[in-house]
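Hi,

Here is the structure we talked about. Please have a look, then read my notes below.

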Amino acid sequence: NSFVTRTNTCGELRSAHVGQEVTLYGWIQYQRQGLFLVLRDFQGLIQVIIPQDEAHSHVKNLLSNAPVESVVRVTGIVSPRPPGQENPKMPTGDIEVKAETAEILNSCKKLPFEIKDFIKKSEALRMQYRYLDLRSFQLQYNLRLRSRVVMKMREYLCNLHGFVDVETPTLFKRTPGGAKEFLVPSREVGKFYCLPQSPQQFKQLLMVGGLDRYFQVARCYRDEGSRPDRQPEFTQIDIEMSFVDKAGIQKLVEGLLQYSWPEERGSISTPFPSMTYEEALADYGTDKPDTRFGMKIVGIGDFLRRSNIQFVQNALSYPHGTVKAICIPQGVRYLKNKNLESLKESAKSKFNQEVVEIICRPDGSLKSLLTRFLDEKQQSQLVQALNMQVDDVVLLAAGEQKQVCSALGSLRLESADLLEAAGLVLRDPAAFHFLWVVDFPLFLSKEENPTELEAAHHPFTAPHPSDTSLLYSDPTKVRSQHYDLVLNGNEIGGGSIRIHSAEQQRFVLEKVLKEDSEVLSHLLEALELGAPPHGGIALGLDRLISLIVGAPSIRDVVAFPKSFRGRDLMGNAPDYVTPEELKPYHIQVSWPLEEKEAKKN
């Protein structure tokens, strides 16, 4: 309560304050029949008794007629509540404040929605009146926890480990590859700035500059469609170090998260488990596995190779052909036929992958279209390989390895959602399972043109030391020194050891990725002027905090987020500007014909 005129906050009052005169400021949350009201501030709630005697008629009249969410000042005496009227659900439930004087600082007109967590509001309305939504307990908690976590991270990096907090530019130039960037016009004809999708180049240049250890709570920008876990502008904890290897970065990040982890979320143990990219795809069908539950993908091609199932034989005849399956525990009990059909339809529509189900009956026998092609021994091997129990349902897929694994990985998560919706708890919402995924490929084939390559992480990632020679002979087989940090099936961080040789960086850009290296001439020149070996990582702060607090979207941990379409519904941005305002930037808007007509009318 330093620097302000209140004596206490509403939420801090307890029985120890009985008899004291207090001055409180806050919002009226609730008022009942002119007898009492509940006053709220950032720290909590307190019940205020409205005086009924003639001497305080002015106070009674003021507080009885003040609309809900009006801002008031109340001075009064803290008193114990009458016996039997205590409220154990409120931290301040043993006491109340008997008002003696009061002042309405700002009366509130009719609200567009009630400021209560349990009242359902459309997200569009919440974002339009975000300043009202921020008054809710949940958003207050989320933003304050975020602030605490960031403060602890600063302490750990700067005070304990000698990192330097450096702010890097927001106006820069286009970076080859990666996400789409926002353009910012300049007064030079035809020239544009770009908002950086990350401070990647700057943090590498800081290592060339000898800063040794850099850190920043960085604002980043990507001109992509908004999703529940994406925003066009977002925040990352950006880190870079000189003379470090993968193990050093991993140890630093594990210590950072352990140090900054909120006490109310329990403790996290280190070191985090690690898994290769290939293992993640083979066992979970994704490079960001949720390891809170089983249902791993199991290869069953070896013993089905001897079966007479035609589609299995067809799949296994191809170079990368495979047969794999997942086992859904208690699927018969918890899933309806329409659920199984929707899972099969999902695999077909998203991955063009056919799936066959196998059910374990109460007597242990199998029910499936496939059983007539399998002898007793093969059926027994299938049960054993998948550890099938009574009422389990197996989903089996055959085809190209990557497609099969991706389809089953997706069905694994969809099945878990269906089981939990039906009452079977698979993923403990209070559990936090961290996982390092390592040994990613350095390059991937472009979806639109498979004969061309793109960087799996970004073009500055160094090849795995064991695979350096392959970079020049067969780049598709090169593993990278890229590592991702996954939490409960969500990627919350990614980083790599960087290329610090100008010659190698130029080769990757020009010969492998077919990019114009001139755009990065400043970085290539820096690498020729004594660049130390270096590496780093960026943690997605918004996503990390949303997982910690259990928010369904990162918009619930950002003070003023954008909508799905990247719009600010509160301030109505982006917005039009006049031709006069565009003139200094040598830009003229070319309106589609229908919009021209609409503007005329």
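A residue counts as buried under 20% relative accessible area, as exposed over 50%, and as partly exposed in between. Keep in mind that this is a predicted model.

Start with Leu111. Its relative accessibility is 21%, so Leu111 counts as partly exposed. Leu111 is in the loop between strand S5 (95–106) and helix H2 (123–128). Leaving aside residues up to four places away in sequence, Leu111 touches Glu69 and Leu132. Cys158 is 47 residues from Leu111 along the chain, and their C-alpha atoms are 44 Å apart.

On domains, the assignment gives domain 1 (15–106), domain 2 (141–275 + 434–556) and domain 3 (293–422). The C-alpha centres of domain 1 and domain 2 are 51 Å apart.

Now the rings. The whole structure has 12 aromatic pairs. One of them is Tyr30 with Phe36, a tilted pair at 6.3 Å centre to centre, with 50 degrees between the planes. Tyr30 is partly exposed at 38%, whereas Phe36 is buried at 17%.

Trp261 and Phe432 form an edge-to-face pair, 5.0 Å centre to centre and 80 degrees between the planes. Trp261 is in the loop between helix H6 (246–260) and strand S11 (274–276), and Phe432 is in the loop between helix H13 (401–421) and strand S17 (434–438), so the pair ties together parts 171 residues apart in sequence. Both residues, Trp261 and Phe432, are buried. Ring pairs join Trp261, Phe272, Phe432 and Phe434 into a cluster.

Last, Phe293. The charged end of Arg412 sits over the Phe293 ring, 3.8 Å from its centre. The charged end of Arg427 also sits over the Phe293 ring, 5.7 Å from its centre.

Best wishes

Note on methods
Residues are numbered from 1 along each chain as its sequence is written. This is a predicted model: local features need pLDDT of at least 70, side-chain atom pairs count only at pLDDT 80 or more; totals for chains, interfaces and linings use all residues. Side-chain values use heavy atoms; hydrogens and water are left out. Domain bounds come from an automatic or database domain assignment. Helices (H or I, at least four residues) and strands (E, at least two) are DSSP runs, numbered from the N terminus. Buried means under 20% relative accessible area, exposed over 50%, partly exposed in between (1.4 Å probe, protein chains only). Contact means heavy atoms within 4.5 Å. Rings of Phe, Tyr and Trp (its six-membered ring) pair if their centres lie within 6.5 Å; planes under 30 degrees apart count as stacked, over 60 as edge-to-face and the rest as tilted. A charge sits over a ring if NZ of Lys or CZ of Arg is within 6 Å of the ring centre and within 35 degrees of the ring normal.
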